[in-house]
Amino acid sequence: MIHQLADVQSEQIGENTNIWQFTVVLPGAVIGEGCNICSHCFIENDVKVGNHVTVKAGVFLWDGITVEDSVFIGPNATFCNDRYPKSKNKEFHLERILIRRGASIGANATILPGVVIGENAMIAAGAVVTKDVGADMIIKGKY
Ligand SMILES: CC(C)(COP(=O)(O)OP(=O)(O)OC[C@H]1O[C@@H](n2cnc3c(N)ncnc32)[C@H](O)[C@@H]1OP(=O)(O)O)[C@@H](O)C(=O)NCCC(=O)NCCS
């Protein structure tokens, strides 16, 4: 189900995926089946989302982000792909982010560029993740 108030420009959306109001999905994005993409999200072009993924409200997935199956992304979690941002710098060095299968990211966590989050890891609400997180780890605060 794609809500009539969503702007979904990609045709690569899996079956039984719901995309709710005021979410924008750009044409290059790939989203799997059985996902729930809540309202007020943005999914850029170079983004892959697996199957059975939950993306809560207010999440922006920028170019270079890969989300594997069964990941949970809490509301207002923030992903960064540019380590040294400058206004209007289109030549920035994009560092990719990978969130492995079954990981959960708490509300308002910030994931810095280049990070890999391991399978079934749990990122606490409000955490700031600066480096790779191993499988099954629980991370709080600055890591
Ligand atoms: C990280 C988390 C899983 C830990 O849960 P838990 O193991 O039951 O932890 P507890 O509540 O027993 O707390 C253990 C300690 O960690 C601290 N803590 C818990 N969550 C924390 C967080 N997000 N950031 C920093 N410290 C945290 C507690 O204050 C406590 O510290 P203390 O031992 O000094 O008193 C949980 O707190 C969390 O952040 N979950 C994500 C919630 C979320 O964002 N949901 C999505 C939207 S609904």
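Is Phe 22 buried, exposed or partly exposed? Phe 22 is partly exposed, with a relative accessible area of 46%. Here buried means under 20% relative accessible area, exposed means over 50%, and partly exposed lies in between (1.4 Å probe, protein chains only).

## About the model

This is a predicted model, in which local features need pLDDT of at least 70 and side-chain atom pairs count only at pLDDT 80 or more, while totals for chains, interfaces and linings use all residues. Residues are numbered from 1 along each chain as its sequence is written, and side-chain values use heavy atoms, with hydrogens and water left out.

Phe 22 sits in the loop between E2 and strand E3 (24–25); strands (E, at least two residues) are DSSP runs, numbered from the N terminus. Leaving aside neighbours within four places in sequence, Phe 22 is in contact (heavy atoms within 4.5 Å) with Leu 5, Ala 6, His 40 and Cys 41. The C-alpha atoms of Phe 22 and Asp 7 are separated by 7.0 Å, and these residues are 15 residues apart along the chain.

Thr 17 belongs to the loop between strand E1 (7–8) and strand E2 (18–19). Thr 17 is buried, with a relative accessible area of 2%. Beyond its neighbours within four places in sequence, Thr 17 is in contact with Met 1, Ile 31, Gly 32, Glu 33, Gly 34 and Cys 35. A polar atom of the Thr 17 side chain lies 3.0 Å from the backbone nitrogen of Cys 35.

## The nonpolar core

The largest nonpolar core has 35 residues. Such a core is a set of buried Ala, Val, Leu, Ile, Met, Phe, Trp, Tyr and Cys residues joined through side-chain atoms within 4.5 Å. Leu 61, Ile 73, Phe 79, Ile 99 and Ile 123 have the most contacts inside this core. Strand E7 (47–49), strand E10 (65–67) and strand E13 (97–99) each supply at least two of its residues.

Leaving aside neighbours within four places in sequence, Ile 123 has several contacts, among them Ser 104, Ile 105, Val 129 and Ile 139.

## Around the ligand

Which residues surround the ligand? They are Phe 72, Pro 75, Gly 106, Ala 107, Met 122, Ala 124, Ala 125 and Lys 140, each with a heavy atom within 4 Å of the ligand.

An oxygen atom of the ligand is 2.6 Å from a polar backbone atom of Ala 107. A ligand nitrogen atom is 2.9 Å from a polar backbone atom of Ala 125, and an oxygen atom of the ligand is 2.8 Å from an N or O atom in the Lys 140 side chain.

Note on methods
A polar contact is a pair of N or O atoms within 3.5 Å; within protein, one must be able to donate a hydrogen and the other to accept it, and residues adjacent in sequence count only if both atoms are side-chain atoms. Helices (H or I, at least four residues) and strands (E, at least two) are DSSP runs, numbered from the N terminus.
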